[in-house]
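Take a moment to look over the chain from end to end. Then follow the paragraphs below one step at a time.

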Amino acid sequence: MIGYIIGGVLLAFILVLVIRACLFRPHPLPKERELPVEIPRDKVVQDMVDLIRCKTVSNRDEALVDRAEFEKLRSLLAERFPTVHKKAVRKELGKTGLLYMIKGKSSDRPNVLMAHYDVVPVEEALWTKPAFAGLIEEDCIWGRGTLDTKGTLCGIFEALEVLLNKDYEPANDLYLSFSGEEEIDGDSCPAIVTYLEENGIRPAMVLDEGGAVVEKVFPGVSGECALIGIAEKGSVNMEFRMDSTGGHASTPPVHTVLGRLSSAVCRIEAHPFRRRLTRPVAEMFDTLGRYSTFAYKLIFANLWCFEGLLDKICKKSGGELNAMMRTTVAVTRMEGSKAYNVLPPKASFGINMRLMPGDTIDSATEYLRKVIADDSISIHLVNGMNPSPCARTDGEAWTGLSEVVHATWPEAIVSPYLMMACSDSRHYCRICDHVYRFSAMRMSKAERGMIHGNDERIPIETLLTTVAFYERLLQTL
């Protein structure tokens with residue numbers, strides 16, 4: 001009798017799982033919108049080429065920055081986009097901040113479009129083509145910044161120039177926010193946000209770089225996904241130090257300082273942060289999971305039962321899927337003696353930590369202190385920021401953005417996601433509840449790897465589609 005009862009309960013349990021998976025169907029698609037666009041192809045290509053030729057490389061060491069190249073780009077913008085500069089009010093804020101304002105029919109729901117025009121340094125010897133020549137080969141524009149984010153900058157200006165030449169007037173005040181020191185966490189974007197805050201301007205929506213149109217990034221989903229970041233993890237750099245008496249390497253102690261630091265590294269890697277199913281990730285699972293194969297639907301439709309199993313899959317796979325579920329720690333630096341036969345009087349290792357929403361710099365530091373369990377190792381915060389708040393996905397701003405994305409890439413599944421990297425948009429979270437992160441481009445895995453890497457380039461058709469996206473978006477703002 002007990003066996004029958006257990007069997008019946010088990011059968012009912014399995015039936016519940018299967019029924020929930022069967023009912024786990026895709027949400028309705030965004031509304032179809034007819035938003036015609038006009039793309040001046042030759043102008044877009046030439047403008048992008050010339051933007052790339054501006055060597056706007058930012059660096060924390062001001063002595064290594066060529067400010068003339070930044071001024072060259074700002075002058076180029078005024079030359080190539082005369083209608084924007086005629087109809088917009090432009091302010092220079094901070095060291096490199098540019099804020100453009102186009103007056104709309106209403107000031108009640110202003111919108112902000114963002115990009116940054118600084119780029120990271122290059123190792124020219126590792127590039128197949130010159131990094132700042134703006135060469136066109138194989139229907140691609142080559143150069144540092146094509147993807148991150150002069151392509152976005154170009155797309156915004158080209159779209160607005162076209163529309164303003166047709167007497168476009170936005171429904172709401174429009175702000176364009178650009179920084180030339182995003183790559184070094186500079187103060188220009190915070191200065192722009194402070195200006196807006198002091199003038200009582202609270203944006204209805206902010207759109208910056210972030211997700212893209214990608215494929216094969218979610219278990220069981222083979223089609224394209226348009227991922228829009230609704231939050232970003234915090235980024236923290238820490239140093240772990242230990243002192244010793246030093247000495248000659250011929251008579252070492254039982255455990256050297258580097259040995260003890262290495263043991264601490266092993267303990268950190270052996271005790272990852274616990275999983276945390278945050279709202280951006282839960283919404284992503286709920287959206288994309290509905291398009292998965294049935295086996296994965298069983299998991300995503302029943303996370304109340306299979307969250308632990310999903311976590312094991314994530315930990316085993318590593319990479320981005322694992323990083324979506326927990327705060328991650330990457331050991332990136334280790335220093336000791338300058339000579340092979342000398343025991344170092346002090347040694348250290350450094351980490352980069354990406355904090356999940358819900359964790360903080362203080363809570364993560366305390367966790368690591370307990371994990372390493374060695375009071376002789378001191379922990380020092382180098383720099384860092386806590387995770388951003390999560391943007392809302394239940395209002396007009398999200399709906400409108402989703403419709404424009406769908407109109408531009410009809411086959412792509414529009415979904416929220418948690419951004420692993422950091423962007424200037426985090427500064428806007430203090431004055432806006434709808435901060436979204438979406439690089440309006442279709443990007444392959446190889447192209448995503450070019451960001452901050454070698455041979456960065458953008459297909460011309462991708463750039464033209466970026467312009468089309470912004471033309472459509474501007475028509476709705």
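Is A373 buried or exposed? A373 is exposed, with a relative accessible area of 60%. The cut-off explains the label, because exposed means over 50%. Keep in mind that this is a predicted model. To find A373, go to the loop between helix 12 (361–372) and strand 14 (378–384). The backbone deserves a look here too. Phi of A373 is near 50°, a positive value in a residue other than glycine. Most residues other than glycine have a negative phi.

E138 sits in the loop between strand 4 (136–137) and strand 5. E138 is exposed, and its relative accessible area is 67%.

Now move along to T149. T149 belongs to the loop between strand 5 (140–142) and helix 5 (150–164). What is the peptide bond from D148 to T149, cis or trans? The bond is cis, with omega near -15°. Most peptide bonds are trans.

S444 lies between strand 16 (435–442) and helix 14 (445–450). S444 is partly exposed, at a relative accessible area of 34%.

Next come the helices. At what angle do helix 5 and helix 15 (residues 460–476) pack? The angle is about 50°, and the axes are 8 Å apart. Helix 5 and helix 15 are therefore oblique to each other. Their crossing is right-handed. On the helix 5 side, the residues in contact include G151, G155, I156 and L160. On the helix 15 side, they include L463, V467, Y470 and L474. By class, this contact has nine nonpolar, five polar and two charged residues.

Turn to a second pair. Helix 2 (residues 41–52) packs with helix 3 (residues 67–80) at an angle of about 165°, and their axes are 10 Å apart. That angle makes helix 2 roughly antiparallel to helix 3. The label follows because angles over 145 degrees count as roughly antiparallel. Helix 2 passes helix 3 in a right-handed crossing. Which residues make the contact? Helix 2 brings K43, Q46, D47, D50 and L51, while helix 3 brings L73, L76, L77 and R80. Sorted by class, the contact of helix 2 with helix 3 has four nonpolar, one polar and four charged residues.

Finally, step back to the whole chain. The secondary structure comes to 15 helices and 17 strands. The radius of gyration is 25 Å, close to the 23 Å that the globule rule gives for 477 residues, so the chain is as compact as a globular protein of that length. Along the principal axes, the C-alpha atoms fill a box of roughly 75 × 75 × 50 Å. How much of the chain counts as buried? The figure is 53% of the 477 residues. Among contacts between residues at least 6 apart in sequence, 82% join residues at least 24 apart.

Note on methods: Residues numbered from 1 in each chain as written. Predicted model: local features only at pLDDT ≥ 70, side-chain atom pairs only at ≥ 80, totals over all residues. Heavy atoms only, no water. Axes fitted to C-alpha atoms, helices over the stretch in contact; angles between N-to-C directions. Helix = DSSP H or I, 4+ residues; strand = E, 2+ residues; numbered from the N terminus. Parallel < 35°, antiparallel > 145°, perpendicular 65-115°, else oblique. Left-handed = near helix turned anticlockwise from the far one by under 90°. Contact = heavy atoms within 4.5 Å. Nonpolar A, V, L, I, M, F, W, Y, C, P; charged D, E, K, R; others polar. Rg over C-alpha atoms; globule rule 2.2 N^0.38 Å. Buried < 20%, exposed > 50% of the residue type's maximum accessible area, 1.4 Å probe, protein only.
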